[in-house]
Amino acid sequence: MSFTVFLGNLPVWVTKDDIKAWLNAEALVFDDVKVIRNPETQESKGFAFIDAPNSEEMASIIRRFDRARLEDRLLRANQAQPPKSRAPLASTGPAPVRGAAPQPTPQTVQQPPIERNGRRERGGKKHKRPNPSNQGPQSAFAEELAKVL
């Protein structure tokens, strides 16, 4: 079982060393600290994870930091939830071949209303069907490609 604490609502300037210093000052035992950062800018996203060796230490860290004041913020600390599994991206078919003519897009149809508890509800989103006569002028490349095909 994992004993990880989520520590949120942190200012962006907080570093791993800051959190370690706070934990050491309170004589709290921990295994590791990870501040989550934006991969592009390396700026903190405002939350961190603290690994505790056991449930008692995890509870002590949560008690100490949940709703603690830091600047004008109230920190949030609670047991971290396991990451949600991400659904694989849906594939709409094979990848387009470079230089090939564009394939027509499939037309979606609105789902019929659904009845629940004697009440009709609408189902799904409305999708507009593409209107070929409503499209703007094609590029010169597209026109030349259409002639060849």
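These are my notebook entries on a first look through this structure, which is a predicted model.

**Entry 1: the overall layout**

I began with the secondary structure and found three helices and eight strands. Reading from the N terminus, I noted the order β-α-β-β-α-β-β-β-β-β-α. Next I asked what share of the residues counts as buried. Of the 149 residues in the protein, 21% do. I also looked up the accessible surface, which comes to about 12,300 Å². Carbon and sulfur atoms account for 52% of that surface. For contacts with a separation of 6 or more, I noted that 53% join residues 24 or more positions apart.

**Entry 2: the salt bridges**

How many salt bridges does the structure hold? I found three, and I took them one by one. As a reminder to myself, side chains of opposite charge can pair when their charged atoms come close.

I looked at Lys-16 and Asp-32, whose closest N and O atoms are 3.6 Å apart. Lys-16 sits in helix α1 (residues 16-25) and Asp-32 in strand β2 (residues 32-37), so this pair ties together parts 16 residues apart in sequence.

I then turned to Arg-64 and Glu-26, which meet in a salt bridge at 3.3 Å, N to O. Arg-64 belongs to helix α2 (residues 55-65), while Glu-26 is in the loop between α1 and β2, so the bridge ties together parts 38 residues apart in sequence. I wrote down a relative accessible area of 36% for Arg-64, which is partly exposed. Glu-26 is partly exposed too, with 38%.

My last pair was Asp-66 and Arg-76, with 3.6 Å from N to O. Asp-66 is in the loop between α2 and β4 (69-70), and Arg-76 is in strand β6 (residues 76-79); the two are ten residues apart, and the pair links distant parts of the chain. Asp-66 counts as partly exposed at 27% relative accessibility, and Arg-76 does so at 36%.

**Entry 3: a pocket**

I finished with the second largest pocket, which holds about 160 Å³ of space. Which residues line the second largest pocket? I listed Phe-47, Phe-49, Gln-81 and Pro-83. Sorted by class, this lining has three nonpolar residues, one polar residue and no charged ones.

Methods. Residues numbered from 1 in each chain as written. Predicted model: local features only at pLDDT ≥ 70, side-chain atom pairs only at ≥ 80, totals over all residues. Heavy atoms only, no water. 1 Å grid on protein atoms, 1.4 Å probe; cavity = no way out; pocket = protein on both sides within 12 Å on 5 of 7 lines; lining within 4 Å. Points joined across faces, edges and corners; volume = space filled by probe spheres on them. Nonpolar A, V, L, I, M, F, W, Y, C, P; charged D, E, K, R; others polar. Helix = DSSP H or I, 4+ residues; strand = E, 2+ residues; numbered from the N terminus. Buried < 20%, exposed > 50% of the residue type's maximum accessible area, 1.4 Å probe, protein only. Contact = heavy atoms within 4.5 Å. Areas by Shrake-Rupley, 256 points an atom, 1.4 Å probe, with all protein chains shown as cover. Salt bridge = Lys/Arg side-chain N within 4 Å of Asp/Glu carboxyl O.
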